[in-house]
Amino acid sequence: MAFGGSEAYGRGPGEAPVTIKILIAGGFGAGKTTLVGAVTEIRALRTEEPLSGPGVYVDNLDGVAQKATTTVAMDFGRITIRDNLVIYLFGTPGQERFWFMWDELASGALGAVVLADTRRLADCFPSVDFFERRRVPFAVAVNCFEGARRYRPEAVRSALDLDSDVPVVLCDARQRSSARDVLIALIEHARRELQQARAAGTNA
Amino acid sequence: MAKEDQWLDEEAGPVVRPYALTRGRTRPTGEVLDLIALVTAVRGVEVDRAGLDPEHLALLRMCRLPTSVADLAADLDLPLGVIQILLADLRARSLIAVHHPAPPAQLLDPRILKEVADGLRRL
């Protein structure tokens, strides 16, 4: 797949390109990169972020006095639906100390996928909180790791105390069709949320 | 490039060197572009290279067709903050045009989201 960042968007001369941002969140090791990689080629970009809190002591500061920032790699991928319509998937940094990056990332996002690992369900609580508070539509994808006990989606919904309209999907983040179904569930949920918000707005 | 590189050893750390490109600036002038904003080099203008670094020129080459900020950062393999500053320089010289992403509320056009879902089903 050509992925050089230079495919034409310009089929219809008058048509404005539409780019859609979807975030892939979840705890460290929940399968964010795997899910992005299942549906498209993974690209990486680097950001530099201020160091604060306990993270300072984790980074190797040898030889650099007062190093105030650290490099954070972020995975992303691109799905071209057609010319002028492209989805970008961004894996959010999993470690807690980089959550402050999310605000900028989440701005303008159509929605988010929160990957849950049932062996460490609590790892996805912060992601769920984040998107609930910012009213970013999200779907929970339960990554069915081999050897992990299987739970019904309703059990996960209850454990995460999710609203009844939040989709909970069992998935295998390695499988393209499974990852794709997660994204479709999110898109359809986001569309319903936007329609509701619009209806509420016109009634207000 | 190679000659300049000799002034920096490993102890300068991975953070310092990219910002040599930006002459120490860590914030772009003006707005920070969204990761999915599309950048396009303005055609038909003569580029005055004075004051532009090779990385500015590389960016201009990479965005002959509309290209996202995220893709530019990945292609040029420079930190996002540096890309933002270089893009702000190019904008100040009117060498690039920026297409900002539509807010999600404008994506409500049922046609677009249906098309997205259908497109994903074909994956």
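At what angle do helix α3 and helix α5 of chain B pack, and how far apart are their axes? This is a predicted model, in which local features need pLDDT of at least 70, side-chain atom pairs count only at pLDDT 80 or more, and totals for chains, interfaces and linings use all residues. Residues are numbered from 1 along each chain as its sequence is written, while chains are lettered from A and ligands numbered from 1 in the order in which they are written.

Helix α3 (residues 54–62) and helix α5 (residues 80–92) of chain B pack at an angle of about 75 degrees, with their axes 10 Å apart; axes are lines fitted to C-alpha atoms, for helices over the stretch in contact, and angles run from 0 to 180 degrees between N-to-C directions. Helices (H or I, at least four residues) and strands (E, at least two) are DSSP runs, numbered from the N terminus. α3(B) and α5(B) are therefore roughly perpendicular to each other, a term that covers 65 to 115 degrees. On the α3(B) side the contact (C-beta atoms, placed from the backbone, within 7 Å) is made by B:Glu55, B:His56, B:Leu59 and B:Leu60, and on the α5(B) side by B:Leu86, B:Leu87, B:Asp89 and B:Leu90.

Chain B also holds an open sheet of three strands in the order β2-β1-β3, with antiparallel pairing, where strands pair if DSSP finds at least two bridges between them. The edge strands are β2 and β3 of chain B, each pairing on one side only.

| Strand pair (chain B) | Sense | Bridges |
|---|---|---|
| β1 (residues 38–41) and β2 (residues 67–68) | antiparallel | two bridges |
| β1 and β3 (residues 96–99) | antiparallel | four bridges |

B:Val39 stands opposite B:Thr67 in β2(B) and opposite B:Val98 in β3(B), whereas B:Thr40 has B:Ala97 as its bridge partner in β3(B).

Definitions and conventions
Angles under 35 degrees count as roughly parallel, over 145 as roughly antiparallel, 65 to 115 as roughly perpendicular and the rest as oblique. Two residues are in contact if their C-beta atoms, placed from the backbone, lie within 7 Å.
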